[in-house]
Amino acid sequence: MYRVLFILFVGLTQLNVCFSQNLSFVKYGRSEGLNHSQIFDIAQDANDNLWLTTASYFIYRFDGREFFQHRISLANYYGRISTYKIIADDQSIWILTNLGLVKYDGKKYTLVPMDEKLKIGFNSKLILDHNKRIWICDE
């Protein structure tokens with residue numbers, strides 16, 4: 001009985017060695033331009049840039065080497081803008097914020113008019129479907 005258990009134990013432990021992977025991780029932080037460690041959402045655009053929303057009132061673009069910080073600026077609004085969710089289509093970046101949905105076309109930010117009954121918050125969902133339609137699910 002002990003022999004069977006020993007063979008089974010050795011076999012299972014050696015099986016793990018055969019299928020193990022060598023994974024490497026890269027840590028990104030302030031020296032690469034990412035000034036905040038709380039990332040809320042990530043999207044990838046058509047140019048393979050990663051876009052991140054964070055707890056810092058900024059969004060970040062990562063080009064594969066370094067991060068670039070973007071401050072959302074809207075005409076006639078000077079308060080802080082909290083960013084919750086982010087998605088990308090072929091031409092624009094869409095950011096769900098405490099003010100509503102913001103479109104970034106690479107040059108300027110535009111607040112998209114929405115139904116005021118929609119309760120947008122951190123737990124809201126921002127979805128781009130296969131027909132390029134944007135869906136917002138409120139809290």
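Are Tyr104 and Tyr109 buried or exposed? Both Tyr104 and Tyr109 are buried. The legends below describe close-up views of a predicted model.

**View 1. Tyr104 and Tyr109 form a stacked aromatic pair.** The model contains six aromatic pairs under the criterion used. In one of them, the rings of Phe40 and Phe122 have centres 4.7 Å apart. Their planes meet at 75 degrees, so this pair is edge-to-face. An angle over 60 degrees is what that label requires. Phe40 is partly exposed, at a relative accessible area of 28%. Phe122 is also partly exposed, at 38%. For Tyr104 and Tyr109, the ring centres are 4.3 Å apart and the planes are at 20 degrees, so the pair is stacked. Stacking needs planes under 30 degrees apart.

**View 2. Tyr28, Phe62 and Phe67 make up one aromatic cluster.** Phe67 belongs to strand S4 (67-70). Phe62 belongs to strand S3 (59-62).

**View 3. Strands S5, S6, S7 and S8 build an open antiparallel sheet.** The strand order is S5-S6-S7-S8. Strand S5 (83-88) and S8 are the edge strands. Each has a single partner strand, so one side of each lacks a neighbour in the sheet. From one strand to the next, the twist averages 25 degrees. Strand S6 (residues 93-97) pairs with S7 over five bridges, in the antiparallel sense. Leu96 has Leu101 of S7 as its bridge partner. Strands of a sheet pair through backbone hydrogen bonds, either parallel or antiparallel.

**View 4. A hairpin connects S7 and S8.** S7 (residues 100-104) and S8 (residues 109-112) run antiparallel and are joined by four bridges. Leu101 stands opposite Val112 of S8. Four residues lie between the two strands. Within this hairpin, Gly106 takes a positive phi near 100 degrees.

**View 5. Strands S1, S2, S3 and S4 form an open antiparallel sheet.** Four strands follow the order S1-S2-S3-S4. S1 and strand S4 (67-70) stand at the edges. Each has a single partner strand, so one side of each is left without a neighbour in the sheet. Neighbouring strands of this sheet are turned by 25 degrees on average, direction ignored. S2 and S3 pair over four bridges in the antiparallel sense. Leu52 stands opposite Tyr60 in S3.

**View 6. Ile39, Ile42 and Leu50 make a nonpolar surface patch.** The patch covers about 230 Å². Leu50 lies in strand S2 (residues 50-54). At 30% relative accessibility, Leu50 counts as partly exposed.

**View 7. Tyr57 and Lys132 have positive phi values.** Phi of Tyr57 is near 70 degrees. Tyr57 occupies the loop between S2 and strand S3 (59-62). Tyr57 counts as partly exposed, at 31% relative accessibility. Phi of Lys132 is near 65 degrees. Lys132 occupies the loop between S9 and strand S10 (134-137). Neither residue is a glycine. Most residues other than glycine have a negative phi.

**View 8. Ser37 lies 9.0 Å from Ser56, C-alpha to C-alpha.** The two serines are 19 residues apart in sequence. Ser37 is in the loop between helix H1 (2-19) and strand S1 (39-44). With 71% relative accessibility, Ser37 counts as exposed. The cut-off for exposed is over 50%.

**View 9. Lys119 lies 8.8 Å from Cys137, C-alpha to C-alpha.** In sequence, Lys119 and Cys137 are 18 residues apart. Lys119 is in the loop between S8 and S9. Lys119 counts as exposed, at 62% relative accessibility.

Terms used: Residues are numbered from 1 along each chain as its sequence is written. This is a predicted model: local features need pLDDT of at least 70, side-chain atom pairs count only at pLDDT 80 or more; totals for chains, interfaces and linings use all residues. Side-chain values use heavy atoms; hydrogens and water are left out. Two strands pair if DSSP finds at least two bridges between them. Axes are lines fitted to C-alpha atoms, for helices over the stretch in contact, and angles run from 0 to 180 degrees between N-to-C directions. Buried means under 20% relative accessible area, exposed over 50%, partly exposed in between (1.4 Å probe, protein chains only). Patches are made of residues with over 30% relative accessible area and no salt bridge: like charges are joined within 9 Å, nonpolar side chains (Val, Leu, Ile, Met, Phe, Trp, Tyr) within 5 Å. Accessible areas come from the Shrake-Rupley method with a 1.4 Å probe; for residues, only the protein chains shown count as cover. A salt bridge is a side-chain nitrogen of Lys or Arg within 4 Å of a carboxyl oxygen of Asp or Glu. Rings of Phe, Tyr and Trp (its six-membered ring) pair if their centres lie within 6.5 Å; planes under 30 degrees apart count as stacked, over 60 as edge-to-face and the rest as tilted.
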